[in-house]
Amino acid sequence: MNVHSKDEERALREKFLADNTLFLGPDPEIMRNHGLSPRSAMEDAAIAKGLDPHQIHHVRGLINSALSEAYEMVNQMGAAPGAKWGDLVTGVYTAQGDLAMIAPYGIIAFAACCFYPIRFIIKYFTHDKSVGVRDGDGFIHNDARYGGIHNTDQSMMMPLYYQGELVCWLSSTIHEGENGACEPGGLPAAAESKYDEGIKMSPFKVVENFELKRDLVTFLQNSVRDPKLQLEDMKVKLHAVMRLRERMLAILDQFGRDLVVGTLRQHLEDTEAEMRRRIRELPDGTTRVLQFMDSSLRENAMQKIACAITVKGDRMTLDFRGSAPQFLNRSVNTNIASFKAALCTGLLQNIWPDLPHTMAVLSPIEILTDRNSILDAEGEMPQAMSLMPLFKGCVVWTIPMAKFNYSLPHRYSAIVASQYDQAATFIYGGLTQHGEITGNFCADINGNGQGARSHADGEHSISPVFGFMADSGEHEINEEDTPIIRLGAQRLAKDRIGWGKYRAGMGYEQIATARGTPMWGFMTGCEGSKFPSAQGLFGGYSCPSYQLMKIKGINIFEELEKNPKVVEVFDIVELMNKQPIKGGKYSSNDMGMTFEVCNDGEIYMICQGSGGGYGDVLERDPKLVMKDLAEDLMSHENARDIYKVVYDEKTLVVDEAATQALRAKARQERIKRGKPFDEFCRKWITPEPPKNIPYFGSWDDPKVIYATTYGQRVTMPADALQGAFMLNPKDLRIAELEAQVAALQKPSRSAAKKTVAKKAAKKTR
């Protein structure tokens, strides 16, 4: 009989547990760490030899070129709308999995969270004999809980070996769309658990010897509504990564392993050092901003996102404690790793866009959240529409960082107000005119209005909030592939502006219907129908709220056949105010619409949004006001009422003296309306949120969190959040209608009782 010491027993026990792990779920040690890994021995040795800065610059340029080529391959060959219109990225990571470089015009967030699954593969599969990591292997992944934005994004990851050593990792990621969720298109607002979200791929090997494994490909195709899309884009991502591998091997052959490995590491360390230097330039202190999401995409719900940015020396802290709690059965939660990727995007897109696009920008930053909040949700929570808080993360920097940067003698970019931060596009699914089942989203998501700048108006529909360079699509191509018909395409939304000394860039209208299919439908996944999404800066106005409009019960194609002039212009305001199509059911709705069947010719209308304005409207140059009028961006009513400009409506000639007088009068009226701050606070501040508002988040104490769960308001300690359970809106509607029916029946029942009583009295007599 063998006798083991206590240390040997402990080692045997730990080995047994390691060899018999029940489930390799998301690893908190990986998922909560956004810092750089320590230098590896290979990196240390390469840098110790001394690297020529000029050669580093040259190698970095060659890697950028290789990444760009791989990006273009995906962009040109990809089947998904996301691939065609720029919702993709290619990336290079160090051997430890740190994101070193991405394609010059890729989606930062896709790569900024792809290093999590790579670290997972390294930790759990490298030495696992049943899996292993070898040259020619490729791993696929889409579950955001292991690292990612949401489950509709799929990544292909490949190790690159050179002369038998692992040198780096390569990846390609596409927003694929369709993923087999409970609603078509990959963004199911109706998801009430993570098991409604479609396929959930933890990182696993799908490629061996540079070839896709057909059994696993078949499994994945069988899990989605569009098997053709799944196969084609797996091939596209694989071959783009293989092309990137070829280019990297050529660079290694030319310059050697040490220079390439050293360049990747030095790139990261230089970026982190520059981040610390810029933070050190900022004044010490704290600035704050509050954001609100007004919908769970199933019902109205005011969800608070609190952010305080504190700078001290070369260290920065982002404190999100006091934000809304997670939802137990709504899809608008996100995990902390995904949220950090959104923060990385916002920093590089809106604050310091000249910095290299690497994960090193977050290394000097501490991020604080409440566990089980909507920003740091527990793994079982549904996260299919995590875009809602993630898009807030992309713009949350703009206002507090503007306060820090405003006083600096040297700035690295313009001060800019918040960009419109909603996914304003149609998500679709059903049977196409070609008899194929599909589901995806339209590229209009990529046209958000820019916030106004400190020196100029914002640009119209400049980019998506999550990417600095993407296309809004070709509607003709979409109409060839799907039964969607655009009745009015990308007309700038007149008067729907973030006003200010400099106005925001505007969004555009989207008016769509379907034709030639027995089964088709739309959904929209947006907030901001009650509460503005993009805040103004330094006195600028927020953007307006935006609604979903419908005209149901008609067929516009039949109406146009009967009378080609029944609709003079497909303009949302004109259609809703004049209601020219007789017999149609016109309605204005929340922008969070779960999947709904669209019959031939029924009309759905939404609007891409404006950013926030900058500065006082009374300081806007009247010439700029006239320019906007000449371009039909605004009405005469708003020119007079908001900007207080006096002019001739026909000639657009400004009366300078009358304008100055009118603006002076407006300033005096402001002073009369004003109140001392303490007096204002006494009347405005309440001890708790209004009882008639379904409110989620802290109020006056960040340690106490309010929520509405099971229809009742509750409070929870911030360090012990449980989450909110929301009742089914249909159940609530049924209960409301039943109560109305009962109320209507009361008089008839009362009358019936009186009749019975009279008959009984007659019989008695």
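Me: Which residue's side chain meets Glu269 in a salt bridge?
Reply: Arg39 does, at 2.8 Å, N to O. A salt bridge here is a side-chain nitrogen of Lys or Arg within 4 Å of a carboxyl oxygen of Asp or Glu. The pair links distant parts of the chain, 230 residues apart. Arg39 sits in the loop between α2 (28-31) and α3 (41-48), and Glu269 in helix α10 (residues 257-281). Helices are DSSP runs of H or I with at least four residues, strands are runs of E with at least two, and both are numbered from the N terminus.

Me: What kind of model is this, and how are residues numbered?
Reply: It is a predicted model: local features need pLDDT of at least 70, side-chain atom pairs count only at pLDDT 80 or more, and totals for chains, interfaces and linings use all residues. Residues are numbered from 1 along each chain as its sequence is written, and side-chain values use heavy atoms, with hydrogens and water left out.

Me: Back to that pair. Is Glu269 buried or exposed?
Reply: Glu269 counts as buried because its relative accessibility is 18%. Buried means under 20% relative accessible area, exposed over 50%, partly exposed in between (1.4 Å probe, protein chains only). Arg39 is partly exposed, at 34%.

Me: How many salt bridges does the structure hold?
Reply: It holds 57. One of them joins Glu574 and Lys578, with the closest N and O atoms 2.8 Å apart. Both lie in helix α16 (residues 572-578), 4 residues apart, about one turn of the helix.

Me: Why does Lys578 count as exposed?
Reply: Because its relative accessibility is 59%. Glu574 is partly exposed, at 32%.

Me: New topic, strands. How many residues of β17 are buried?
Reply: 5 of its 5, across residues 548-552. Both faces are covered. Leu548, Lys550 and Lys552 are on one side, and Met549 and Ile551 on the other.

Me: Which strand pairs with β17 over 5 bridges?
Reply: β18 (residues 585-589), in the antiparallel sense. Two strands pair if DSSP finds at least two bridges between them. Lys552 has Lys585 as its bridge partner in β18.

Me: And where does β20 come in?
Reply: β20 (residues 603-607) runs antiparallel to β17, joined by 3 bridges. There, Met605 stands opposite Met549.
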